[in-house]
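The paragraphs below lead through a predicted model, from the relation between its chains to their interface, fold and cores. Please keep the sequence and the coordinates in view while reading.

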Number of protein chains: 2
Amino acid sequence: MPDPILSEGSFSIEFQPVGIRLICSEPITLLDAARQAGIQLQNVCGGKGICGKCAIQIIEGESNPPTRSETTFLKGGILKEGERLACETTVHDNVKIFIPPTSLESKQRLQTEGRHDIQEIQSPIHCEPIHLNPPSLTHPIADLRNLLSAQPGMYFENDERIRTALQTIPAVLRNGNWDVYAVCNQNEILNILPEKPAAMLGLAVDVGSTKIACFLMDLPTGKTMAVKGIPNPQIAYGEDIMARLEYALQNDAQAAHLHSIIIEAINEVINSVCHEAKVKPQAIMDFCFVGNTAMHHFFLDLPSKYLASAPFTMMVDQALNIPIDALGIQGMPGSKAYFPAPIAGFVGSDHLAFLLSSGFGDDQHTRLGIDIGTNTEIAIQKGDRIVSCSTASGPAFEGAHIRFGMRAAPGAIEHVRIDPEGNANVDVIGGGEAIGICGSGILDVIAELKQRGILNQRGRLDREHAHVSTDDSNMRIYTLIPPSANQREITISQKDIDQILLAKGAIRSGIAILMDYLKVKDEDIAEVIIAGAFGSYLNPQHAIQIGMLPDLPLHKISAVGNAAGAGAKMMLLSSALRQKGEQLAKQIEHLELNTYPDFDMFFANGIRFS
Amino acid sequence: MPDPILSEGSFSIEFQPVGIRLICSEPITLLDAARQAGIQLQNVCGGKGICGKCAIQIIEGESNPPTRSETTFLKGGILKEGERLACETTVHDNVKIFIPPTSLESKQRLQTEGRHDIQEIQSPIHCEPIHLNPPSLTHPIADLRNLLSAQPGMYFENDERIRTALQTIPAVLRNGNWDVYAVCNQNEILNILPEKPAAMLGLAVDVGSTKIACFLMDLPTGKTMAVKGIPNPQIAYGEDIMARLEYALQNDAQAAHLHSIIIEAINEVINSVCHEAKVKPQAIMDFCFVGNTAMHHFFLDLPSKYLASAPFTMMVDQALNIPIDALGIQGMPGSKAYFPAPIAGFVGSDHLAFLLSSGFGDDQHTRLGIDIGTNTEIAIQKGDRIVSCSTASGPAFEGAHIRFGMRAAPGAIEHVRIDPEGNANVDVIGGGEAIGICGSGILDVIAELKQRGILNQRGRLDREHAHVSTDDSNMRIYTLIPPSANQREITISQKDIDQILLAKGAIRSGIAILMDYLKVKDEDIAEVIIAGAFGSYLNPQHAIQIGMLPDLPLHKISAVGNAAGAGAKMMLLSSALRQKGEQLAKQIEHLELNTYPDFDMFFANGIRFS
């Protein structure tokens, strides 16, 4: 498919994970390209190839071979295998670049907080002191029997857990002088420690396609000890889920690679939160991971190939407790990770976590929940029924396929007001010069253009308006920011508007089908809960104006940020909430939109502008 | 400790696993030394270093550096790392050599059959056909739920088993066109196969310190499909258990090595029995392994260090079911291996298997069971009580520490009659020239010497007798076979006799203490069951004559050969017998002989000759 943005003779440089693209017509070093795109790479030496700070990876495309500086840095361990120095790398054709977080001057904004706090802490993890009598020639009791008879009722999950536990327990018993501590999940022994642990921590993680949000929690009190968001390293293998599923489909080694880089990333973020909280990873005794179905399957190393095509079959739809040792995750040996149930198709356990933390199923209210992303999950509760669906809204709201689009990172325009003359007034994340525009900004632009009549009822830019012109390929563009000394020109094209209208159409038609299916009218809806990073910065009035949301009183609409993360924390900290989540998972019906009667009609209505 | 056999200026070459020693005073190649000791090494080229067949390993001691031939064979993969060619290796000081089975012309005799057949076959392993409905867009059921709802009541052991099973099941379901077969242990699913398995086999193994006896069984019928005995490769790290425990104690890597060579040997013997039965290892769906406590702990990679010294603490005293994948054993993925309970100290699950297969606990008879080895386990049943003990009888009955001693291998004298003049008449295993004497032969010699009055009441050789002389170190020796053209001289020394009397004393005092403890008199004993290879060739009358066994009517004494292997087969093939074994394990009391009052007096009585 030809790229909709590129004109003849030009090429694009795409920077990930920030998601910004630069169009060039001359060869350029990646350091210069990043500068032009407004991305601040670490660069102590000023681009002389002697500091080694501007390391990047080329995901796709051609460049010059590594220079002598780079070879030296590679041998010295400063560059990793596959990395290049941006200042030493020249490109002349389409390339895709991944910037590791360590090479960025300022970090991408990654939302890690949801709105809900956990009311009721009831972690099943506890620690019990145990006193044993040492064995003797006259009472030569086996270590296992000695341990289990000191604490009747406690048990190991199975014989293999006994075997692996016995590889370390005997030394612990003797080092602890037969006074030891059992870390248990209810009555199941997870580990035996020679001393009382200084902290008992848990980790809740929302494994998103784009970002991994990680919460280090104190299990007894529910206090948040550290929070960290990192980009999902799988981005290098496809921005959206389908691209990654296709990558995995090509061969088993690639599928295994997508599994192992997720595990590596989790171990990295564990080090990071532990460093912040000044604890060791061994203090983490419980884990809860949520994510969409593809992330869930990649994480657990389950076959993902059957998710990639109809009927999009999941391998498992129940919650799983998996020993961290089996997955290679850091933490207290013997700990397990809880994976809440995925729902169906692409509707994963992150959606379950969102609904759980947003009060779905708590009462009989009619409510609408939307988690906006590349795939948008939508759920409606009516009485005892909860129906969910997934719609491929695409990455436009995250800035992809938009000429000046980017994710919500420093330099992104996040809010726009347009005055009656058509002049724009913008808010930029981080407050500096604008380098691009993120989803909430684009939505604002479209709603404001419509209100000012610069965009007509059919969603076309008014070619007569003073701020509307045409580009080289005769495409209509609205000039959001004219070029100046320190500021690149930023425009919104008719194609950009079409992309956003398609995306909002996918969401609106999903809402409409669920409402039709459950016979819900606009006025029945008591509340609309919008989750996800984009949802937090979204202007709800603008979303209604462009027809993304039904026309409801604004007070009914609320944004909850990382609601999936909040749900993961809830399930980490309370076994009652795990049970509630498992009940909720059984309650949620999944609707495959493509199979719904008159789906095409709903979609056509959905993309309409008014 | 100075070697009791060596004189000044001489050195010894010890060949394992056959257990024979050659005393030399001049440098010699190992091929010549093996020839002189009567061991037939493979040797196609006649010792020219060009066939590579006479590979051996030097376990201890010095030799010349590898020659050019050896380096070439090593590079060509004909020699393994650490191996030498016997014909290219010259020694001039004490060495210990391990001969791999592949380098021997004739194989060591390894007893693999016990006396009992399994009456009642009731394997818990069965195979069920399952039909599933393929998932569809309108019924997008997860693979796991699809499978479990097709066969209600069936389950996987836990979530981690679900996860690993789901790595292969989805492809199996689709390859089997949704008509598949579940291999189950009762209601627990072990594996899903796309086709009905051609054979359902099980493997029973007696993991002895010296030999590993392996039985490939047909699970539905109990038929023996193949039998194979191989030497335990751990022999290279110590002939007796204590030596191996001490080797393991030195560092974790050495302990891990003793674990991994056992697993390798098991996989090798699996290949061998499968080759013989013309099946693939994947046809093996159930396993039962018995062995002494040290073998049990080495096999399961449990810490063995606490077994090495008082109070000889075991890590576990219950039966364990361990997934073969966790141990790295070949077989049907998802299969488990059953490890019956060890009893206490050095009394392992092989002893339990012996007692189970010998009818202990079946009725109220008073019976005595003896499993003779380097460690001898003894049990007495009286009514509902069964008491066991272990005694360090040492390796003399297996030919070690005896000047011309060797194991029961071709060339060993296994039976001896001495005529009134003192001339010996010998039976040699395999029928050729004698190269040494094994345990049953030595026992015969001592009993016959006693009967002929050549050995007095205090166990001393009569120096006046024509067949008794003294050697260089003034030690009395009895000439069993005088030297001739094709025959080395074979003698029995006073030291050899002392070693055997010590060994029989350990056994007799164990029997006496158990009888004292349970207040059992000779006449109460209804039957004596003797297990082990040595026991099978033992002349019971001679054993009574030298005071090893109480003076009982010979019809009460029976040898049962590899009774531990027979018990392993029973527990492999019947879940009722597994339960009976678990019950028996709880019933058996363990008596630590060293803690018994007047132990020294019992031992002094035990070693007495009459």
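Two conventions apply throughout: residues are numbered from 1 along each chain as its sequence is written, while chains are lettered from A and ligands numbered from 1 in the order in which they are written. Since the model is predicted, local features need pLDDT of at least 70 and side-chain atom pairs count only at pLDDT 80 or more, whereas totals for chains, interfaces and linings use all residues.

Contact between two residues is taken to exist if their C-beta atoms, placed from the backbone, lie within 7 Å. The contact between the chains takes 40 residues from chain B and 40 residues from chain A. On the side of chain B that touches chain A, α3 (143-150), α4 (159-166) and β15 (320-323) each supply at least two residues, and α4(B) gives the most, with five residues; here helices (H or I, at least four residues) and strands (E, at least two) are DSSP runs, numbered from the N terminus. That side of chain B divides into 23 nonpolar, eight polar and nine charged residues, where Ala, Val, Leu, Ile, Met, Phe, Trp, Tyr, Cys and Pro count as nonpolar, Asp, Glu, Lys and Arg as charged, and the others, Gly among them, as polar. Because 100% of the interface residues of chain B are also interface residues in chain A, the copies meet through the same surface.

Of the contacts in chain A with a separation of 6 or more, 68% are accounted for by residues 24 or more positions apart. An automatic or database domain assignment gives chain A domain 1 (11-103), domain 2 (125-193), domain 3 (202-339), domain 4 (362-395 + 500-607) and domain 5 (399-491). The C-alpha centres of domain 1 and domain 5 of chain A lie 28 Å apart, and the contact takes five residues from domain 1 of chain A and 10 residues from domain 5 of chain A.

Burial is counted from C-beta atoms placed from the backbone: a residue is buried if 20 or more others lie within 10 Å of its own, exposed if 12 or fewer, and partly exposed in between. By this count 52% of the 610 residues of chain A are buried. Helix α10 (residues 349-357) of chain A is mostly covered, with nine of its nine residues buried, including H351(A) and F354(A); G359(A), whose phi is positive, near 85°, follows α10(A).

A nonpolar core is a set of buried Ala, Val, Leu, Ile, Met, Phe, Trp, Tyr and Cys residues joined through C-beta atoms within 7 Å. In the largest, of 189 residues, V205(B), I446(B) and I530(B) touch the most other members, and helix α12 (residues 494-517) of chain B gives the most to this core, with 10 residues. Another core, of 187 residues, lies apart from it and has V445(A), L480(A), A531(A) and L572(A) among its members.
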